[in-house]
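Here's a quick briefing to read alongside the model. Keep the viewer open and follow the residue names as they come up.

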Amino acid sequence: MKGDVGTKKWGIGRIGMYLFLTVITLFSLFPFYWMFVMSTRHSSAYNSIPPAMVPGDQLKENFQKVLDMIPFFQSMFNTLIVCLTVTIVVLLISSLAGFAFSKLKFPGKNILFFAILFTIIIPPQLGLIPQYLLVAKAGLLDNLFAAMVLFFLNPLGIFLMRQYVSESVPDELIEAARLDGCSIFRIYRSIVLPIILPAFATLGIIVFTSVWGEFLWQFTVLRDPESYTIQVALASLNTQFKVDFGMLLSGVFWATIPLLIVFLLFNKLFISSIAEGSVK
Amino acid sequence: MKFKKLLIASLSILVLLFVAACSDSSSGDSGKTADGKEKITLNFWMFGATGYEELAKEYEKQNENIEIKIKTSETADHHNNLFTALSAGSGAPDIAALELDQLDRFRDAQDRFVNLYDMGADDIKGEYLDWKWEIAETNNGEFLMGLPTDIGPKGLYYRLDVFEEAGLPTDPEEVSALIATPEDFKEAAIKIKDKTGKPMVASMEMMYRAQLDALEESYFDAEGNLLLEESGNGVKEAYDLAIDMNELGLVGNYAMWSAEWANGVDDGDFAVELGAAWFKGWMESNAPEATGEFNIATLPTEYSGNWGGSYISIPKETEHAEEAYEFVKWLVSPENQLNSFKSNGLFPSAPAVYEMPEFTEASDEYFGGQSTQTVFAQSAQKIGKVYKGKDYTSVHDEILAALVNSQAGADPEKEWTEAIKRINTKLDR
Amino acid sequence: MVSLDDKQQKGRRKGFSSQDIKEMLSGYLYISPFFIIFAIIGLYPAIFSLILAFQKWNGMGEMEFVGLDNFQVILSDPLFWKSVYNTVILGLMGTAPQLIIGLILAFLLNLSYLRFKAFFRVTIFMPYITSMVAVALVFSVFFSNNETALVNYIIGLFGFDPVSWKTSEWGAKIAISTMVFWRWLGYNTIIYLAGMQSIPNDLYEAAKIDGASIFQQLRYITIPLLKPFILLTVFFSTVGAMQLFTEPTVFLGNTAFSRDEAMTVVMYLYRDAFKLSSFGTASAAAIVLLLFIVVASAFNMVLTKRLGRDRRET
C-alpha cells in the first residue's frame with residue numbers, strides 16, 4: 001500500500017502522530033466552531049468574555065434576518081458562476097501551458113516561463129484603480145465577467161501543472177504517441193489529461209476557494225446588489241456601529257457550507273484519482 | 001473516451017456560464033411608465049445603518065417613474081470605492097453619502113460633484129444648522145458639496161449607579177448643573193475615583209476628544225496650515241489634558257469599539273462617556289445589559305462639540321442630476337429627518353425638528369425613559385463652526401497612537417514630538 | 001544551425017522539419033491564453049504603476065512629473081524601513097513554519113495506514129475556507145489587549161503577564177503570524193499532498209525493508225523527490241509573505257494604518273494611496289517592493305535547492 005512505513009501498530013510514534021493531528025485539527029476548527037455558535041446566538045454573545053462556546057437557539061432567527069437584509073441566494077448563485085467559470089478557465093489555461101512548458105520545444109521557452117513570475121508583482125491594492133478603469137471603460141461594471149477576469153491570471157496554476165506533467169507523464173509515452181502519428185492536441189487530451197487529474201483536483205479546489213473568498217475586487221466592480229457575490233453581500237451586513245453579530249456570522253456560516261460541500265466533492269475526486277493515477 | 005466527454009462537457013458549461021454571466025448585467029434605464037414619464041434608476045451609495053431603504057421605497061411609491069437602488073457598505077470601503085470610481089471617471093453613483101471626516105478627502109475633487117447651489121440649494125439653506133451647512137461649502141461659499149443629514153452633538157452619558165455611589169446627584173438637570181465647566185468635570189472625576197475606584201472615562205481617545213471636538217480649528221487652520229507646532233495650540237492642550245487625567249488614574253484603557261469596552265459599559269466599569277447622539281445606537285446593540293443604567297446630561301461648553309455626521313452628494317457623472325437632487329432634498333427634509341430619527345436615531349440637523357411634538361415627546365427606554373434628544377438638541381445649538389482640513393484623519397490617527405503609547409508607559413512629550421515628526425513626513429507627500 | 005551530423009547524433013530532427021514547426025506553434029498557442037489575458041488585464045496596471053512612480057498624483061487631479069523624488073521620499077522614511085522589517089519578521093514567523101509543518105502534515109496524511117484521512121484533510125483546509133470576516137472577528141477577540149482575552153487568559157495560566165496583542169511590538173507580530181499560519185497551513189499541505197502522489201511506493205517499501213524510520217524516509221525519500229513542489233511553495237509563499245496585507249489589516253481594524261508595529265510594505269503603500277492621496281509614492285514603494293521580492297525569492301530558492309542537495313542520495 002502506498003506510503004506504508006511499517007512502524008508498530010500502537011507505538012509511541014503512532015500515538016504521537018494522532019495527537020499531533022488532533023491538536024492541529026482543533027486549532028484549525030476552533031474559529032469555525034465559534035462562528036457556528038455565534039450564528040445560533042444573539043448578537044451580544046459576541047462580546048462575551050470568555051467567548052461563547054455553547055450553541056444557542058437563534059439559528060433560524062439569525063438566518064432569517066440575513067435573508068431579509070441581503071439577496072443571499074442570488075449572491076450565492078452569482079458566486080457559484082464566478083468561481084466555477086474561473087476554475088474551469090484556469091484549469092484549462094494552466095494545463096495547456098503547463099503541458100507546453102513541460103513537454104514541447106519552442107524557442108524562448110525558458111524566458112517566457114520566467115516572465116510568468118513577473119505577472120504577480122504588482123500588489124492588487126495598487127493595481128486596483130487602473131484595472132477598475134479598464135473594466136469601467138469596457139462597460140463591464142456590474143457584470144459578473146468583470147468579477148472573473150482578474151482571476152484568470154494564475155501563475156501558480158501553470159507552475160503546478162508544469163511540475164506535475166514533468167513528473168508524472170513519462171517522455172517515452174509521448175514519444176510513442178508521436179510516432180504513432182498523434183497530433184499534439186490528441187496527446188494533450190488523451191495522455192496528459194488523464195494523468196494529471198489529481199493535480200486538477202488540487203488546483204481546482206485552491207482556485208475555487210480563493211475566488212470564493214475574494215472581496216476587494218468584487219466589491220469594486222460589482223455595485224448593483226443583484227450582481228453581488230457572497231462576500232460583498234455579507235460585507236454589507238457589517239455596518240460597523242450597529243452590527244448584529246449573530247446575523248452577520250450566521251450569513252458567513254451558511255455561506256461557507258456550500259464551499260465545504262464543494263471541497264468534499266473535490267476531495268472524493270482527489271482520492272479516487274490517486275488510486276487510478278498511480279498505475280502507470 | 002471518458003476524458004473527451006469531460007472536456008466537451010466542461011467547454012459547454014463554460015460557454016453557458018459566460019452567457020449567463022454576461023447577461024446578468026443590470027440594464028440601465030428603460031421604458032416609460034403609464035403616464036409617459038421616462039423610467040429612471042438612481043444609484044445611491046451609502047454606509048451605516050440609516051433606514052434610508054424604507055424611505056427610498058416610500059419615495060418610489062410617490063414617484064412611480066423612479067427606481068432607487070441602494071448599495072450599503074462599511075464606511076471605509078464605501079469611501080474608497082467612491083474615490084476609485086471618481087478617480088477613474090467612470091462608474092460613480094448618482095447619489096453618494098459622505099461622512100464628515102472623509103468630506104475633506106473629496107474637497108479637492110469638487111469638479112467631480114454637482115454644485116448643489118446650481119440645483120437651488122440656496123432655498124433650503126435656512127432650514128439647517130449653520131455650522132453644519134457651512135462645512136459642506138467650498139470656494140468661499142459658492143460651491144455646495146452635499147446636503148446635511150445627521151449630526152453628532154455630544155452629551156455626557158453618565159452611569160447612574162456609579163454617580164450614586166460617589167455621592168453625586170443622578171438627576172440629569174442636576175448633573176448638568178454640577179458639571180458646568182472642565183474643572184467641575186475633573187473634580188467629579190476625582191471624587192468618583194476616590195469613592196468607587198473607577199475611572200471616569202473609558203479611553204484616552206474619549207478624553208482627548210472631549211476638548212478636541214469642540215475646537216474650531218484643531219489640526220489645521222482655515223488656510224490649511226498645520227497648527228500643531230504653534231505654542232499654546234488647542235490640540236496640545238487637549239492632549240495634555242488626556243495625559244493629565246490619565247496620570248490621576250481617571251482614564252481606563254478600553255479600546256474603542258472593542259468587546260472589552262462593550263462589556264465595560266454593561267458592567268459599569270467607568271463613570272461616563274462623552275458620546276455623540278448616535279452613540280446610543282452602539283450601546284443598544286453592544287451593551288444591552290446596561291439598559292436603564294445610564295442617563296444623559298449636557299456637557300460644559302468647552303466640551304460641547306460635534307462628532308460625526310454625514311452629507312449626501314451628487315457626483316457629476318450622473319445623468320439625472322435634477323431627479324437625484326429632488327430625491328435627496330426630500331430625504332433630508334425636516335419631516336424625513338424626523339423619520340430617520342425615529343427609526344435609526346439619526347440626529348436631525350434641521351432645527352425645525354427639535355420643535356416637532358413627536359421629537360420632543362420621544363423618550364428612550366434604554367435611558368430609563370429620559371427624553372435624551374432634548375439634551376442633544378441643546379448641545380446642537382451650541383456648536384460653532386469647525387474647520388477640519390484635508391488631512392485631518394491622518395493627523396488624528398498619529399495623535400491617537402501617541403496617546404495610547406503614553407498610557408502604556410511611554411514618555412508623553414517624546415511621543416508628541418515623534419508624532420509631529422511622522423505627521424510632517426506624511427504631509428510632505 | 002546544427003550540422004547534419006549533430007542531427008543524426010541526437011537521433012532527432014532539428015531545425016525546420018514540419019513536425020518541429022508544428023510543435024513550436026502548438027507551444028506558443030498553448031501558452032498564449034495566459035499571456036493574452038495578462039496583456040489585457042495585467043500589463044496596463046503594471047505600466048501605469050511604473051509611470052506613476054515618477055509622478056505626483058492625488059488620484060483626482062493632474063499628474064506632475066517629479067523624477068526620482070518619490071523614491072527619495074520613500075527610502076528616507078523610517079516608517080518604510082520599519083514596514084520592511086515588519087514584513088520580513090512576519091514572513092519568517094508566519095510563513096516559514098507553514099511550509100515546514102505543512103510538509104510534515106502532508107507526509108502524515110499520505111501514510112497508508114492513517115485512519116480518518118478524509119476527515120483530517122477537510123479539517124486542515126477549513127481555515128482557508130473560513131470567511132475572512134469571521135477570521136478577523138475571531139482573532140480580534142481572542143487576541144485583544146485586555147487581560148480577559150482568551151489568549152491572555154491561557155498564558156496567564158502559565159504565569160505570564162497579559163500581552164497587548166494589538167499594540168505591542170512583538171505581541172502584534174505573534175498574533176498576526178499565528179493568524180497567517182493558521183490560515184495558510186492547509187493550503188500548502190494540499191499542494192504538498194498533490195506532489196506526493198507521484199512518489200512511487202516501491203521506494204518506501206524498499207526503505208522499510210532496509211529498516212528506515214519515518215523520519216529517515218521523510219528526509220531521504222520524500223523531501224528530495226518533492227523538491228520541485230517545495231520550491232514552488234517557497235516561491236509563492238515568499239511572494240505572498242512580502243505582499244502581506246489582509247491579515248494585519250483585518251486584525252488591527254481601526255488602528256491598522258496608524259500604528260507601526262505590524263505595518264507591512266503593502267499596507268504602507270496602501271496608506272499612501274488611499275489615506276494620504278499620494279499615488280506616486282505608493283507606486284514607488286511598490287517598485288521597491290518588487291525588487292525586494294525578486295531578491296527574497298531568489299535567495300529562498302537558492303537556499304531550498306541547497307538544502308535538498310545535502311540530503312540527496314544519488
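This is a predicted model: local features need pLDDT of at least 70, side-chain atom pairs count only at pLDDT 80 or more; totals for chains, interfaces and linings use all residues.

Chain A is built from 13 helices and zero strands, while chain B has 19 helices and 10 strands. The largest nonpolar core holds 351 residues, and a search of the whole structure turns up six cavities of 30 Å³ or more.

**Chain A**

- Read from the N terminus, the element order of chain A is simply α-α-α-α-α-α-α-α-α-α-α-α-α.
- Of its 280 residues, 61% count as buried.
- Chain A has an accessible surface of about 10,700 Å², and carbon and sulfur atoms account for 69% of that.
- Take the contacts in chain A between residues at least 6 apart in sequence: 72% of them join residues at least 24 apart.

**Chain B**

- Chain B runs to 429 residues, and buried residues make up 60% of them.
- Its C-alpha atoms fill a box of roughly 80 × 60 × 50 Å, taken along the principal axes.
- The accessible surface of chain B is about 16,900 Å², with 46% belonging to carbon and sulfur atoms.
- For contacts in chain B between residues at least 6 apart in sequence, 75% link residues at least 24 apart.

**The largest nonpolar core**

- As background, nonpolar side chains in soluble globular proteins tend to be buried together.
- Among the 351 residues of this core, Phe185(B) and Tyr208(B) touch the most other members.
- Helix H3 (residues 72-103) of chain A gives the most to this core, putting in 17 residues.
- Leaving out residues up to four places away in sequence, Tyr208(B) touches a list of partners that includes Tyr219(B), Val235(B), Ala238(B), Tyr239(B) and Ala242(B). Further along chain B, Tyr208(B) also touches His396(B), Ile399(B), Leu400(B) and Leu403(B).

- Leu212(B) sits in helix H9 (residues 204-212) of chain B.
- Its relative accessibility is 2%, so Leu212(B) counts as buried, the cut-off being under 20%.
- Not counting residues up to four places away in sequence, Leu212(B) touches Ser218(B), Tyr219(B), Val235(B), Ala238(B), Tyr392(B) and His396(B).
- Tyr219(B), Val235(B), Ala238(B) and His396(B) are on the contact lists of both Leu212(B) and Tyr208(B).
- Leu212(B) and Gly234(B) are 22 residues apart in sequence, with 7.4 Å between their C-alpha atoms.

- On the chain A side, helix H2 (59-69) gives two or more residues to the lining.
- By type, the lining residues are 14 nonpolar, 10 polar and 13 charged.

**Positive phi in loops**

- Asp142(A) has a phi near 70°, a positive value in a residue other than glycine. You'll find Asp142(A) in the loop between helix H5 (124-137) and helix H6 (144-149) of chain A.
- With 14% relative accessibility, Asp142(A) counts as buried.
- Ser277(C) isn't a glycine either, yet its phi is positive, at about 50°. Ser277(C) falls in the loop between helix H12 (265-275) and helix H13 (279-311) of chain C.
- Ser277(C) has 16% relative accessibility, so this residue counts as buried as well.

**A covered helix in chain C**

- Helix H6 (residues 132-142) of chain C is mostly covered, with 11 of its 11 residues buried.
- Among them are Met132(C), Leu137(C), Phe139(C), Ser140(C) and Phe142(C).

Key. Residues are numbered from 1 along each chain as its sequence is written. Chains are lettered from A and ligands numbered from 1 in the order in which they are written. Side-chain values use heavy atoms; hydrogens and water are left out. A nonpolar core is a set of buried Ala, Val, Leu, Ile, Met, Phe, Trp, Tyr and Cys residues joined through side-chain atoms within 4.5 Å. Buried means under 20% relative accessible area, exposed over 50%, partly exposed in between (1.4 Å probe, protein chains only). Helices (H or I, at least four residues) and strands (E, at least two) are DSSP runs, numbered from the N terminus. Contact means heavy atoms within 4.5 Å. Ala, Val, Leu, Ile, Met, Phe, Trp, Tyr, Cys and Pro count as nonpolar, Asp, Glu, Lys and Arg as charged, and the others, Gly among them, as polar. On a 1 Å grid over the protein atoms alone, a cavity is a set of points where a 1.4 Å probe fits but cannot get out, and a pocket is an open set with protein on both sides within 12 Å along at least five of seven lines; lining residues have an atom within 4 Å of a point. Grid points are joined across faces, edges and corners, and a volume is the space filled by probe spheres set on the points. Accessible areas come from the Shrake-Rupley method with a 1.4 Å probe; for residues, only the protein chains shown count as cover.
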